[in-house]
Amino acid sequence: QVQLVESGGGSVQAGGSLRLSCAASGYSSSSYRNHCVGWFRQAPGKEREGVATIDNGALRTSYADSVKGRFTISRDNGKRTMTLQMNSLKPDDSAMYYCAADSGGSGCPLTPDFRYWGQGTQVTVSS
């Protein structure tokens, strides 16, 4: 049973930084390293949107236009973790953030077509 657990959310003022982490369990190291992983977010009344993804080789990353230059995704396959470093945060970044894994081999998209999901961690940015 694969489980993803996020941590690191919280409340910050605009311009501040947060670092989100996601730990995977129930995954063998060889399986985890073969899967695309990523971060998504959902604000109240809005659809879930892709924030950033990183492919299995950690060679290719994709970012939503709204976070390019401010957020950085990374992964540690040995530890089965992924992180999202968020800098220069804006009030529009406020949302529930979810980590996800295994896009089913269909590339590494920013669409929420992932098999495994965490329970989410709240990020609130005040102006």
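This is a predicted model: local features need pLDDT of at least 70, side-chain atom pairs count only at pLDDT 80 or more; totals for chains, interfaces and linings use all residues.
1. Leaving out residues up to four places away in sequence, Arg19 touches Ser7, Gly8, Thr83, Leu84 and Gln85. One of these contacts involves polar atoms: the side chain of Arg19 makes a polar contact with the side chain of Gln85, at 3.1 Å. Arg19 sits in strand β3, residues 18-25. Ser7 is 12 residues from Arg19 along the chain, and their C-alpha atoms are separated by 8.6 Å.

2. Next, look at strand β7, residues 71-76. Its side chains alternate. Phe71, Ile73 and Arg75 point to one face and are buried.

3. Which strand is joined to β7 by six bridges? The partner is β8, residues 81-86, and the two run antiparallel. Arg75 stands opposite Met82 in β8. The two strands form a hairpin, with four residues between them. In that turn, Arg80 has a positive phi of about 55°.

4. Asp55 is buried yet has no salt bridge. The side chain of Asp55 does have a polar atom 2.9 Å from the backbone nitrogen of Leu59. Leaving aside neighbours within four places in sequence, Asp55 is in contact with Cys36, Arg60, Arg75 and Cys108.

5. Now the rings. The structure holds five aromatic pairs. Among them is Tyr27 with Tyr116: the ring centres are 5.8 Å apart and the planes are at 75°, so the pair is edge-to-face. Tyr27 lies in the loop between β3 and α1 (29-33), and Tyr116 in strand β10 (residues 116-117), so the pair ties together parts 89 residues apart in sequence. Tyr27 is buried, with a relative accessible area of 5%. Tyr116 is buried too, at 17%.

6. Phe40 and Phe114 also form an edge-to-face pair, with 5.2 Å centre to centre and 70° between the planes. Phe40 lies in strand β4 (residues 37-42) and Phe114 in the loop between β9 (95-101) and β10, so this pair ties together parts 74 residues apart in sequence. Both Phe40 and Phe114 are buried.

7. One last point on the rings: Tyr27, Tyr32 and Tyr116 form one aromatic cluster.

Methods. Residues are numbered from 1 along each chain as its sequence is written. Side-chain values use heavy atoms; hydrogens and water are left out. Buried means under 20% relative accessible area, exposed over 50%, partly exposed in between (1.4 Å probe, protein chains only). Lys and Arg count as positive and Asp and Glu as negative; His and the chain ends are not counted. A salt bridge is a side-chain nitrogen of Lys or Arg within 4 Å of a carboxyl oxygen of Asp or Glu. A polar contact is a pair of N or O atoms within 3.5 Å; within protein, one must be able to donate a hydrogen and the other to accept it, and residues adjacent in sequence count only if both atoms are side-chain atoms. Contact means heavy atoms within 4.5 Å. Two strands pair if DSSP finds at least two bridges between them. Rings of Phe, Tyr and Trp (its six-membered ring) pair if their centres lie within 6.5 Å; planes under 30 degrees apart count as stacked, over 60 as edge-to-face and the rest as tilted.
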